[in-house]
Amino acid sequence: MNVNTIHSFDEIKKILTEEVGSHSATFILCDSNTNEHCVRFLLETIPVLNEIPIIEIPAGEESKSLEIVGQLYEELLHNNADRQSLLLNVGGGVISDIGGFVASTYKRGIDFINIPTTVMAQVDAAMGGKCGIDLMDVKNAVGLFSWPKSVLVFTGFLNTLPEKELKSGFAEMLKHALIADAEYWEALSHVDSNEASHIAVFVKRSNEIKSEITREDPNERSVRKKLNYGHTIGHAIESFFLAKSEPITHGNAVGWGMILENRIAVQLEILSASLAQTIEDRVLNIFSPLPSFNKDEQEQIFEFILNDKKNKNGVFHFSLIREIGDCLIQVEVSEEIARKVISV
Ligand SMILES: NC(=O)c1ccc[n+]([C@@H]2O[C@H](COP(=O)([O-])OP(=O)(O)OC[C@H]3O[C@@H](n4cnc5c(N)ncnc54)[C@H](O)[C@@H]3O)[C@@H](O)[C@H]2O)c1
Ligand SMILES: [Zn+2]
């Protein structure tokens, strides 16, 4: 699937003006923060957007829920949205995940365009076709593959993003470098992850890496699994903290996930211990040290790993790097080794 990804703001204006004109009705979905920081700017700069209904949901992961999905369907019905309607998802990964899900299922699917406003969404969530919501503390338990008509990436939005969120998205950029491009890794090692303007320069390179991989394997049957590096354990850690009502950012969980999955690769003698340490040092420049989990917590995290779709027939499959820029997929890992890395 080749998604139209646009970076120039003039082009973004042009596309939005044309798309609004060619749909029966357009709706903007945003959260309380993106309404203030991003939608307002879009309305000021793109006149055709001014007449459009704005649907705002509360900011945060808790909004990726069935309850909010129901409210959004009702809102669309209430506003007489028909099958030729268009949804503009203006926000971070929460908005593109739930907005894509709602658009793809409302009246069997209406068009949607993602206008990502966080690093996480600009380099990752808004552009891979994965949409969905959480259920019973399980991340992305319900969802589908469905592609936006376009992804409009304006890095100027990153200027109002809190540092925590900049770091979160930056972890995915490090992941892109680690699985695909050693030179990119070198370049990123000089980037200050607290500085939106530093990060903005590299958003396009991450877009390219993610696009190349998802174009080759849209439904995650082969190479797309590389993008799961750091995520099998990362998602489990993220779900664990979400269940405790102490949510951490997705990027933080992925950062820790990459560290722990590298330890698996070291155990399997796929990755050298010194390279694993180099990567760990870089990641821990951004995030706090890994917490040590007690026995009970380790068990809970392990349960989340078991729930993960990547584990078939009791065998664990991980995407593991062996060099910077070189990622293996479908590496079989024993339960013993998987448990061991969580217990340190
Ligand atoms: N579908 C995918 O392929 C994919 C990939 C990665 C992550 N995700 C999902 O994305 C979600 C995380 O995305 P996220 O990190 O963007 O979180 P998010 O959407 O919750 O945004 C983070 C915070 O930043 C605020 N915000 C957004 N843009 C802003 C701006 N420009 N200025 C100021 N504040 C702004 C939001 O209101 C929110 O409070 C998770 O649910 C994760 O599962 C999905
Ligand atoms: Zn991710």
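Ser63 sits in the loop that runs between strand E3 (54-57) and helix H3 (66-78). In this predicted model, Ser63 comes out as buried, because 22 other C-beta atoms lie within 10 Å and the cut-off for that label is 20 or more. Leaving out neighbours within four places in sequence, the contacts of Ser63 are Asp31, Ile57, Pro58, Ile68, Val94 and Ile98. Ile95 is 32 residues away from Ser63 along the chain, yet the two C-alpha atoms are separated by 8.6 Å.

One of those contacts, Asp31, belongs to strand E2 (residues 26-31), and E2 is joined to strand E4 by four bridges, with the two strands running parallel. Within this pairing, Phe27 stands opposite Leu87 of E4. E4 also has a partner in strand E5 (residues 111-116): here there are six bridges, and the strands again run parallel. In that pairing Asn89 faces Asn114 of E5.

Is Arg108 buried or exposed? Arg108 is exposed, because 7 other C-beta atoms lie within 10 Å, and a residue with 12 or fewer gets that label. The backbone is worth a look too: phi of Arg108 is positive, at about 65 degrees, although the residue is not a glycine. Most residues other than glycine have a negative phi. Glu269 is a second residue of this kind, with a positive phi near 60 degrees and, again, no glycine. Glu269 is also a loop residue, found between helix H11 (250-267) and helix H12 (273-284). With 9 C-beta neighbours inside 10 Å, Glu269 counts as exposed.

Moving on to the helices, Phe170 is part of helix H6 (residues 163-180). Phe170 is buried, because 28 other C-beta atoms lie within 10 Å. What does Phe170 touch, apart from residues up to four places away in sequence? The list is Val119, Ser193, Ile199, Gly251 and Ile286. Gly99, by contrast, is 71 residues from Phe170 along the chain, and the C-alpha atoms of the two are separated by 23 Å.

H6 also packs on helix H9 (residues 203-216), at an angle of about 55 degrees and with the axes 10 Å apart. On the H6 side the residues involved are Met173, His176 and Ala180, which meet Ser206, Ile209 and Lys210 of H9. By class, the residues of this contact split into three nonpolar, two polar and one charged.

A further helix pair is made up of H13 (residues 295-307) and H14 (residues 335-342), which pack at an angle of about 135 degrees with their axes 10 Å apart. That makes H13 oblique to H14, because an angle has to be over 145 degrees to count as roughly antiparallel. The crossing of H13 and H14 is right-handed. From H13, the residues Gln298, Ile301, Phe302 and Ile305 meet Ala338, Arg339 and Ile342 of H14. This contact divides into five nonpolar residues, one polar and one charged.

That leaves a strand pair, E9 and E10. E9 (residues 316-323) pairs with E10 (residues 326-333) in the antiparallel sense, over six bridges. Ile321 has Cys327 of E10 as its bridge partner. The two strands form a hairpin with two residues between them. In the turn, Gly325 has a positive phi of about 90 degrees.

Key: Residues are numbered from 1 along each chain as its sequence is written. Chains are lettered from A and ligands numbered from 1 in the order in which they are written. This is a predicted model: local features need pLDDT of at least 70, side-chain atom pairs count only at pLDDT 80 or more; totals for chains, interfaces and linings use all residues. Two residues are in contact if their C-beta atoms, placed from the backbone, lie within 7 Å. Two strands pair if DSSP finds at least two bridges between them. Axes are lines fitted to C-alpha atoms, for helices over the stretch in contact, and angles run from 0 to 180 degrees between N-to-C directions. Ala, Val, Leu, Ile, Met, Phe, Trp, Tyr, Cys and Pro count as nonpolar, Asp, Glu, Lys and Arg as charged, and the others, Gly among them, as polar. Angles under 35 degrees count as roughly parallel, over 145 as roughly antiparallel, 65 to 115 as roughly perpendicular and the rest as oblique. A crossing is left-handed if the near helix is turned anticlockwise from the far one by less than a right angle, and right-handed if clockwise.
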